[in-house]
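Please open the structure in your viewer and keep the selection panel at hand. The stops below can be followed in order.

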Amino acid sequence: MTLWRGIWAAVALLALGLTIFATLPAGLLGPPQSMQLPFAKWLTAGMKWLTDSAAIGPVTVKDLTRAFASVIEAPYKVVKVLLVDGITEGRGRRATTIIPPLSWVAVTVAAVALGHFARNIWLGLLAGALMTYLAVFGQWDSAMVTLASIAIAVPLGVLGGMAQGIAAWRWPWVERVLSPVLDLMQTIPTFAFLVPILVLFGFGPVAALLATIIYAMPPMVRVTIVALRAVPSEIVDFSNMAGCTPWQRMRKVMLPVALPDLMVGVNQVIMLSLNMVIIASMIGAGGLGADVLESLRRLNIGGGIEAGLAITALAVVLDRLGQAMSERVASVEVRKGNWWRRHPRTALVLVVALVTGALGFLIPILQDWPKAWEITTKPFWSDLIEHINVNYFDQLEAVRVWFLEALLLPVKRFFLALPWPFLLAVLTLAGWRLGGIRLSAVVLALGLFVAATGLWEQAMITVYLCGLSVVIAMAIGVPMGILAASNETAGKVIGTVVDTLQTLPSFVYLIPVVMLFRVGDFSAMIAVVLFALVPAVKYTAHGLRSVPDELIEAGVVCGCTRVQILRKVRLPLAVPMILLGLNQTILLALSMLVITALVGTRDLGQEVYAALATADVGRGLVAGLSVAAIAIIADRLIGAAAGRARARLEGV
Amino acid sequence: MRMRHPMAIAALVFSAGAAMAEVESTDPIKLTLHDWTGQLITTNIMAAILEEAGYNVELVQADYLAQFPGIESGDLHVAMELWATTAAEAMDASIATGNTVSLGETGMQAKEEWWYPIYMKEQCPGLPDWKALNDCAEMFATPDTAPKGRYLGGPVTWGGYDDERVVALGLNYEVIHAGTDAAMFAELESAYQRKAPILLWIYAPHWAPIKFEGEWVEFPPYTPECYNDPSVGVNPDLAYDCGKPTGGIFKAGWVGLEGKWPGAAKAIKAFKLTNEDMGAMVGKVDVDGMAIEDVVDEWMTANEAVWTTWIQ
């Protein structure tokens, strides 16, 4: 133990010495030109081949992908007619409505009915209130466009994820193939695969839908594998004895037993789909995401916040309904009588839809919430930012300058001055120490890949920006998590704040941050910290809460004070969970890179963004893969550390 | 009863199609929408005109530069605003593939240059002449750039050769690149509220020079030689020792457009707007908060005599 401490101390000293005192030849600072490989050219050429000439028999790949796109487009169009367009004659300005879309009253009543069905009337009223909020704040039309795409993306993501999960559960080789693919899907910045999707699947809502599905599906696959594995073997044995075919066993036994766990995955798919709303709107999804982007481009901060909160409202409705569904006791109430007696809620919703649709021609308020009654808080937000800007700018500027000079710039210089062979050696050593020869080989290979892309400097800026943000996020998040776990009221307040932060699109706070702190690394850091804070808080709180009561009681019996129990019992036991939180914090920080590129950082995110703006497939993918490589290195090293921590705890 | 409803709808849909049979094809013409207000107005006006002529139009959100593969493959049909200042290379490359054709100029002129709010002129009376910039460098400086002045350039992807310009003209300034134009104008708004010094890249037609009072810096006028030949211009050793080029805003489209919808192609080619009209409309949307549809309707009513000649 002491030997390793000595080694790490020596490494740290050597790093400091190298960066401060040594003047190194350029070949040591960044990888030399001779070892860089033209990955971008290869990928661009590969993509061109795929779209222009690749074919399976007589059918070209492009035809296949286009056919696939139209299969997805059909149900999307149906939902959109139902929620947004209605049936009209003519197009654009000449359109006249023949049959209107579902009225806001009907959709709201449907939300209430769903809430009542899933749990009780209170949940129904919450859902109804949030839907009314959308109407009152004038977000209804956009919200329905977003809802229509979510309504297609979520079921497809869930079904696709479950299918892959089931396949991986049945055939181990599928899992071996899928696992690295899932890692990449989760870590490559979404911008990097937008251009290939556009080329293969055409422009418009379908491409946006597909990008959403790709982004939101991986957790579903993982959850399905875990959930199926967790089904008790007695139940599986029993179904075999009862003579089930494999298909029957899956459908009637395994999936129902695994349902509560599967619903966790569904919840994740919903949340991630809503996370993608803004980015999807850049390639044609429309709806609330487009509203946020457009407002912020016009510096209509209030408009951006309102549309952003509408996304949060939709997320809360879908999340709470989904959770209630998963917890719903399978007590099927058997009702007798006619169809409408057996299905009173469905009947009610249908009646309301038809009545409001028909009466809407006479009483327009039933169909659309009148414009004159809309409430807006836009001036409030704009005035608030202006007030802070005019009156407190000097103080804010002082804070910014302090952070820049004391923290950001020294760390940045340190990383840029670190010789690359040295950094790779340290990483490999850490991999060997934590996970043996295999892990060190993986880490070295990924590091060499980044070195060979020729994006070393951008990668180092990425490491510096994300690393610092993660440290700050943990420094704020862990105490918040401790507070949330030890005090119920504080827990509720912090929980609400964290949930809002997770679903509120980061764009919404990015622009006010720029107004107060200018473009540059400091604004980017604030945005990353705000976004990456969430898992730090959640996992810490969860880890502390799940410490067994007996151990805490044992501590109390021993005469520990509250602080001692926290320090000596609860925190050490929560370490594996907190490390998992750290892991997630790093992944989220990396996923924010592309967004921060929008305020002028010069990291890998900027490279991805620039590639998107020039439709350069290879360049974007290479930068995206470099981000993925950094993420996977961090993930594996911390995962191994968490494993060791857990083993140590269990060994005690 | 159950059957009759869909049938009635189908009948209506078919009759709607029949009513438009006078145009060459009722397939929707796809116009691309980008992310700045002027382009949205231009495209919506064009769409309205084409719809008046009986065509079906679909508006598709697409990235400014990423749209070209879509136009080449015929997924998208018309791009209404391609600025010579920012999209010239991409447009020329796309036209060179033979799958994209130019549809002429929009009549508007793009201008991009260094810009400062009018209150800065009191503190730096030598402006707008570029030679005054160095005298005021300290005024434009911030802690991270001092003693150099801070110039907020556009996103890296916009190009513009500002880093080269600063060196060639010996300007004591540091170029800070904004990531997006939203971030850039957020800084301008913030500075304007406080009457604080700011010097940045602005382009027109845009709402910012309408909402905020200010002036363009006057550099030595642009010539192609100044960009290509180091010996030309103020600095005999370096290129880019002059201002930025101004240029037309072009329309382009899919090569098959003219064959499939000849009337529409003619109308798109005839489309013309002036900088003044566009500036006024952008101001109505971005400064006064009018809806784009209302602004488009207003233009359509006021200019009926103009656009009817385009679709004859």
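This is a predicted model: local features need pLDDT of at least 70, side-chain atom pairs count only at pLDDT 80 or more; totals for chains, interfaces and linings use all residues.

**Stop 1**

Begin by colouring chain A by its domain assignment, which gives domain 1 as residues 62-70 + 141-330 and domain 2 as residues 393-548 + 574-651. The centres of domain 1 of chain A and domain 2 of chain A, taken over C-alpha atoms, are separated by 24 Å. Where they touch, the contact draws 26 residues from domain 1 of chain A and 28 residues from domain 2 of chain A.

Next, select the helices on the domain 1 side of this contact: H8 (172-187), H9 (190-201), H13 (246-275), H14 (277-282), H15 (288-297) and H16 of chain A each supply at least two residues. Which helix gives the most to the side of domain 1 of chain A that touches domain 2 of chain A? That is H16(A), with 8 residues. By class, the residues on the side of domain 1 of chain A that touches domain 2 of chain A divide into 21 nonpolar, 4 polar and 1 charged.

**Stop 1: helices H16 and H24 of chain A**

Now show side chains at the contact, where Ile301(A), Gly304(A), Ile305(A) and Gly308(A) of H16(A) meet Val508(A), Ile511(A) and Pro512(A) of H24(A). The residues in this contact of H16(A) with H24(A) comprise 5 nonpolar, 2 polar and no charged.

**Stop 2: Leu102 of chain A**

Select Leu102(A), which is found in the loop between strand E4 (96-99) and helix H5 (104-118) of chain A. For a sense of scale, draw a distance from the C-alpha atom of Leu102(A) to that of Ala40(A), 62 residues apart along the chain; the separation is 48 Å.

**Stop 3: the two domains of chain B**

Move to chain B, for which the domain assignment gives domain 1 as residues 28-107 + 248-310 and domain 2 as residues 110-228. The C-alpha centres of domain 1 of chain B and domain 2 of chain B lie 30 Å apart, and their contact takes 14 residues from domain 1 of chain B and 8 residues from domain 2 of chain B. On the domain 1 side, select H2, H4 (84-96) and H12 (275-286) of chain B, the elements that give two or more residues. Of the residues on that side, H12(B) gives the most, with 6 residues.

**Stop 4: where chain B meets chain A**

Finally, show both chains together: 40 residues of chain B are in contact with 46 residues of chain A. The elements giving two or more residues to the chain B side include helix H1 (4-19), strand E2 (57-61) and helix H7 (181-194) of chain B. H7(B) provides the largest share of that side, 10 residues. The residues of chain B on this side divide into 21 nonpolar, 9 polar and 10 charged.

Definitions and conventions: Residues are numbered from 1 along each chain as its sequence is written. Chains are lettered from A and ligands numbered from 1 in the order in which they are written. Two residues are in contact if their C-beta atoms, placed from the backbone, lie within 7 Å. Helices (H or I, at least four residues) and strands (E, at least two) are DSSP runs, numbered from the N terminus. Ala, Val, Leu, Ile, Met, Phe, Trp, Tyr, Cys and Pro count as nonpolar, Asp, Glu, Lys and Arg as charged, and the others, Gly among them, as polar. Domain bounds come from an automatic or database domain assignment.
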